[in-house]
Structure formats: structure tokens, C-alpha cells
Amino acid sequence: MTNYPVNMAVEPEVKAFFDPATHTISYVVKDPASSSVAIVDSVMDINYAAGRITYDNADEIIKYVQDNNLSVEWLIETHVHADHLSAAPYIQQKLGGKIGIGEHITVVQDTFGKVFNEGTEFQRDGSQFDKLFKDGDSYQIGTMTAFAIHTPGHTPACMVHVIGNAAFAGDTLFMPDGGSARADFPGGDAATLYDSIQKVLTLPDEMRLFMCHDYGPNGRDIAWETSVSDEKEHNIHVGKGHSREDFIKFRTERDAQLDVPKLIIPSLQVNMRAGEVPTDEDGVPMLKVPVNAL
């Protein structure tokens, strides 16, 4: 990790927003020395059965930003989510900011462009996003320097974003009693995920880690903040005493038993477009349902 510009002296202010429908946690991350913020992994609401999109979660974030006179510089997507839709373009329209994701979004776009039988008009070069991050890329949020770590395994485009003494893990890690995310989506790999997690766990022990999802295992209250040291000691999948071979065996067997996420079909189509809903040839918002393709 010595090649990454870790600065534990910077303590960003982190405001979390939990979406109970998808168990997603979005974040507003503020520079303590200015009004500048980044928004991480925002949520757009969808009633899939009715084909209806709303913005209650995004509006809550927008209200918080406006009420506190904050300035949005970045809208960060830690990866192409398969369980919720991004509200990034909706928030960008209201508040500004650049939408950023890992450069390997192009792999995801190519893979699922085929699954959804997208035509040549669907660009597979990541151009729907304002910024494609490479491993180790730095960017500014006010006076803070943030940087991105490529952490594939759950998806090819996963990245952990480190902002001062806080790291936003996406689906690379869950809370210690939650373990880790699945690695069986197209482009996912359990061995690669283990290696990515180990990369994250070389960050300083005191680094705060913020999760993208939590499901309250064993009935505990929803939680989203832990630390590198807690993960190293207590993570039930990769903590002390769990080998790479153990992880690969567990993750592979476990993933084979999991159902497909309920919102994977709309989520992938929207999120690989940076949160924009696809349209038909007449410009009408429209989603496809591939049969026996996932």
C-alpha cells in the first residue's frame, strides 16, 4: 500500500443514508476544511412489478446537501450494482458533480451488452461516465485527496475509494459478521475477490471502512462502519485463520446456492449506462428481460 497516498490525518465527515428496500447504504462524504462533498453509491427507487421509478432516496440526499449548503464535486459508483439502481444522473442534474467509476466498466458493458442484446448505439467505452478511474488514481474533494484501489472479484470494475481515514468498500467487503459478497456474476471470481480483499486489508489498521450493504445477520441492527483491524480479526470469511483455499471453496459452494438478485435485470441495464434508463427507438424509457440468459 505504500504506493497509495494514505493520509490518516484527514478525517472526512461521513453521513450515511440507508435504503431498507435494497439494504444499500449511500454516503455524503464531506471535506472538513470546506463545503465540498462526494456522494457514494446513491439509490434510485424502482417498483419493478409496476415499472415505476421514483426518487425518494435521492431526494433525501439532495435535501441534506442543500440544507447544509454543500457543494457536490463527485458522484462515485464503487461498481456496477446488480441489486439497486443508481441515482447519479438525477442528483447530478440537481446538484452538479462528476460521475466516476472504475475503468473496467468497459468489460461489464461488453459482457452485459451481449446479455441484453444491445445494439451498436450502446457505447461500450465507458463514455457515459465523466471519469474512469485507474488503480491508484487520485482526485480532489475540496482540500482532500481521494484515491481509488482496483478490487475486482465481485465484478471486474469494483473499486474501493479511500478518502483520508475513511475507505468506501462497495461490495468488496461486508461487515465482519457478514463476510463477503458473491463472486459468481459474469466476470466475477472468488480467488480474485480474496486477493482484492487482502489488498484492502493492508491499509492502516485504524482506517474506517464503510460498507455498501448490510443485512443485519442474526437479527442485529443494521450497521455500516467497521475498521481494517476489525475485519482482519473478525471477518467470518477472510479473518484470522481463513486461508485463500478455504475462502475459494466456501465462496464457490455458497454462491451456487444463492438466488439471482431481484433487481439484477433493471439494475444492470441502468447502471452500466451511468444511471440512465435505456430507451427504445422512439425515445420511450424501456427495459428488456432476457430469457434464460442470467
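User: Which elements are included in what covers the buried residues of α3?

Analyst: In this predicted model, helix α3 runs over residues 105-115 and has I105, V108, Q109, F112, G113 and V115 as buried residues. These residues cover an arc of only 150 degrees around the axis, and therefore they lie on the same side of α3. What covers them includes β7 (98-102), β8 (131-133) and α7 (264-271).

User: Which residue with a positive phi follows α3, and near what value is that phi?

Analyst: Helix α3 ends its run at residue 115. The residue N117 follows the helix, and its phi is positive, near 50 degrees.

User: Why can the buried residues of α1 be said to line one face of the helix?

Analyst: The buried residues in α1 are N57, A58, I61, I62 and V65, while D56, K63 and D67 are exposed on the other side of the helix. Seen down the axis of α1, the buried residues line one face because they fall within an arc of 135 degrees.

User: Which elements are included in what covers the buried residues of α1, and which residue with a positive phi follows the helix?

Analyst: The covering elements include the strands β1, β2 (24-30), β3 (36-40), β4 (45-47) and β6 (71-76), together with the helix α2 (88-95). After α1 comes a residue with a positive phi, near 55 degrees, and that residue is N69.

User: What is the geometry of the ring pair formed by F17 and Y64?

Analyst: A search of the whole structure finds 11 aromatic pairs. In the pair of F17 and Y64, the ring centres are 5.6 Å apart and the planes stand at 75 degrees. Planes over 60 degrees apart count as edge-to-face, and so the pair of F17 and Y64 is edge-to-face.

User: Where in the chain do F17 and Y64 lie, and how many residues apart are they?

Analyst: F17 is buried at 7% relative accessibility, whereas Y64 is partly exposed at 26%. F17 belongs to strand β1 (residues 13-19) and Y64 to helix α1 (residues 56-67), so that the pair links distant parts of the chain, with a separation of 47 residues.

User: What is the geometry of the ring pair formed by F174 and Y215?

Analyst: F174 is buried, with a relative accessible area of 12%, and Y215 is partly exposed at 43%. Their ring centres are 6.1 Å apart and their planes are at 65 degrees, and the pair is therefore edge-to-face.

User: How far apart are P89 and E276 in space, C-alpha to C-alpha?

Analyst: P89 is found in helix α2, and at 13% relative accessibility this proline counts as buried. Leaving aside neighbours within four places in sequence, P89 is in contact with I99, A274, G275 and E276. P89 and E276 are 187 residues apart in sequence, and their C-alpha atoms are apart in space by 6.7 Å.

User: Is A274 buried or exposed, and what is its phi?

Analyst: A274 is placed in the segment after α7, and with a relative accessible area of 5% this residue is buried. Although A274 is not a glycine, its phi is positive, at about 65 degrees.

User: How many disulfides does the structure hold, and how far is the sulfur of C212 from C158?

Analyst: C158 is buried, with a relative accessible area of 1%, and C212 also counts as buried at 1%. A disulfide needs cysteine sulfur atoms within 2.5 Å, whereas the cysteine sulfur nearest to C158, that of C212, is 9.5 Å away. The number of disulfides in the structure is 0, and the distance from C158 to the sulfur of C212 is 9.5 Å.

Note on methods:
Residues are numbered from 1 along each chain as its sequence is written. This is a predicted model: local features need pLDDT of at least 70, side-chain atom pairs count only at pLDDT 80 or more; totals for chains, interfaces and linings use all residues. Side-chain values use heavy atoms; hydrogens and water are left out. Buried means under 20% relative accessible area, exposed over 50%, partly exposed in between (1.4 Å probe, protein chains only). Rings of Phe, Tyr and Trp (its six-membered ring) pair if their centres lie within 6.5 Å; planes under 30 degrees apart count as stacked, over 60 as edge-to-face and the rest as tilted. Helices (H or I, at least four residues) and strands (E, at least two) are DSSP runs, numbered from the N terminus. The arc is that of the directions from the helix axis to the C-beta atoms. Contact means heavy atoms within 4.5 Å.
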